[in-house]
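Please keep the sequence and the 3D view at hand while reading.

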Number of protein chains: 2
Amino acid sequence: MLDVAPPKYPHEVLAVVLRVRDGRLEVLLWRRAEKPYAARWALPGGALGAHERLGTAIARHLADKVDVREIAHLEQLETRSDPRRDPRGRVLATAYLGVVPSDAEPSLPQDTAWHAVDGLPPTAFDHGSLVESGRARLGAKLSYTTIGFALAPKAFTMSQLRDIYSAALGHQVSATNLQRVLLRRHVIERTDITAPPTESGGRPAAVYRFPDRSLRVTDEFPAFRPRS
Amino acid sequence: MLDVAPPKYPHEVLAVVLRVRDGRLEVLLWRRAEKPYAARWALPGGALGAHERLGTAIARHLADKVDVREIAHLEQLETRSDPRRDPRGRVLATAYLGVVPSDAEPSLPQDTAWHAVDGLPPTAFDHGSLVESGRARLGAKLSYTTIGFALAPKAFTMSQLRDIYSAALGHQVSATNLQRVLLRRHVIERTDITAPPTESGGRPAAVYRFPDRSLRVTDEFPAFRPRS
DNA sequence: GCAAAAGTGTTACAATTACACCCATGC
DNA sequence: GCATGGGTGTAATTGTAACACTTTTGC
C-alpha cells in the first residue's frame, strides 16, 4: 500500500484541562509570547516525540504548566487536520481532555492562567473550538460515567458537589436528587465524617466520596435493552 | 515553542465500515498480499495526502474499496500512536467509523470482503481492536442519536428495522417498543405505503422512513436536568 | 377458517423530578 | 427560639418493557 515513502507531518498534542472554581468552569491557557497569535491565549501542549505515544506526550508537555499529579483524568478528544490550522505550515494536532479537582492548587508559570470557559479571551489557532469540544465531552460524561471524581475533591459535601456539577453542566442541579441518583448507582458513598456548618450556620453536612477514582460507565444507555 | 524543526511522522487513515446483513453486523476488510501480515485481513485506508484533511483522505481511500456514495455516515473514531503498531516503522493512524445501509450492494474488488464482526479472522496491526471501538461507538449512538438512518434502507418495515437494530446491538429488540420509542422521538415517521407480506404470509406492514438523514442527538442525557 | 405477521391497548415497572417537611447546628 | 442549610419522605411524572389482543393479509 505504501509503495513510495509516505509523506510525513509534524504532530502536536494539546490539552483542554478543565476544572471548576468559584462556581465557574475554567480552562488552563498560556499566553503566547511570539508570532503567530502573539499575546493570544493557547492550549498547553507541544510536539510529539519520536518514540512517544500521544498520551505520554501530552503528559510530558503538561508537566511544564501544571503538576501533572493534579490531573485526575485524561482522555483523547479528537484529532484536527485542517492544513491551514497553523499559518506557519501544516501541523496535525491531537487534543486531550484533562480534568483537575476543584481543591487542587497547582502552581502555574507566569504565562499560564485559568480562564472561565464562558467568555474566553481571544484564542490562538483552533483552540477555542477545542475548548468547546472538551466542555461538551465533560458535560455528557457527567451524566453517564463516574467522571465526577476527577472534578471533585477526595471528600466533599453534597452542596459542594452540587455546585461543581452545576458549573460543569451550566444549569442548576438539585443536591437532593443528585445525591439519590449517585448513591443508587454507587457512584458516591457516604463516609462517617460530618463537616462543620459554614459561617452562615445550618446543619452539619455528611461527607461523601467516590469509592473508585477511575472512569466507569454507570448508565448503559437503557434504550432497547431487555430488562435482563 | 517549536524552536527547532519538529519531528515528522507518516500518518495514515483507516476506516471501520460497518453494515448489517443477514442478521449480523459486518465490517469491510481487505486481504493483505504483502508483508507484514501477509494474507491477514486489514481495514481499508492509506496515507494522508500532503494538503488533505483526514476526513477527505479516508473518503479518497475508501473509494478504492467501495462506492463511497453508499457510505451514509462517517465520523472520526480515535487516533492510535503506539510506535510499534506497524513493524515497518512508526505510523500514526486516525480511524473513522463508516456506516453503510443494509440494502446497499457496493461492488467490491477481489481482495475485499465483508466479515462478521463476531468471529473475525486474524487481522493485521491493531485493526482488530479498532473494529471493537467502532462497534462500541455505533452501539452507543443507536440509543441516543438518529444514526440508525445510516444502517437502514431509505424505506423499511418495523420488522426489518428491528432485525437491523438487533444485529447492531447484539441483543434482541422488540419491534413494538422500538416503533414507539422512535416515533415519539420523531426519529422515524410512517409513510402511506404498505409493504406486501412475505412468503410466509401475515398482515402487510406499514413502511417507515427516517425524515432527516443526518446525525442528530435525540436523547440529551436526562440526568440532573431541570424539567424546564 | 386458519396461520402468520403487524400493529395497538394496557398494565407494570423503574427512574427521576419536584416539593413538603423534618433535622441538627450556631447564635 | 429562630435562622440556616442538610437530609428524608413521598407524590407526580415520564419513559420503557412486557404482553395480551386485534387487524390484515394469503391460502
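In this predicted model, 47 residues of chain B are in contact (heavy atoms within 4.5 Å) with 47 residues of chain A. Between them the two chains bury about 3900 Å², 65% of it on carbon and sulfur atoms, where buried area is the accessible area (1.4 Å probe) that two parts lose on being put together, summed over both. Residues are numbered from 1 along each chain as its sequence is written, and chains are lettered from A in the order in which they are written. Local features need pLDDT of at least 70, side-chain atom pairs count only at pLDDT 80 or more, while totals for chains, interfaces and linings use all residues, and side-chain values use heavy atoms, with hydrogens and water left out.

Across this interface the rule finds two salt bridges, a salt bridge being a side-chain nitrogen of Lys or Arg within 4 Å of a carboxyl oxygen of Asp or Glu; one of them joins the side chains of Arg53(A) and Asp82(B) at 2.8 Å, N to O.

Strand β1 (residues 8-21) of chain A is joined to β1(B) by three bridges, and the two run antiparallel; strands are DSSP runs (E, at least two residues), numbered from the N terminus, and two of them pair if DSSP finds at least two bridges between them. Here Pro10(A) stands opposite Lys8(B).

Definitions and conventions. Helix = DSSP H or I, 4+ residues; strand = E, 2+ residues; numbered from the N terminus.
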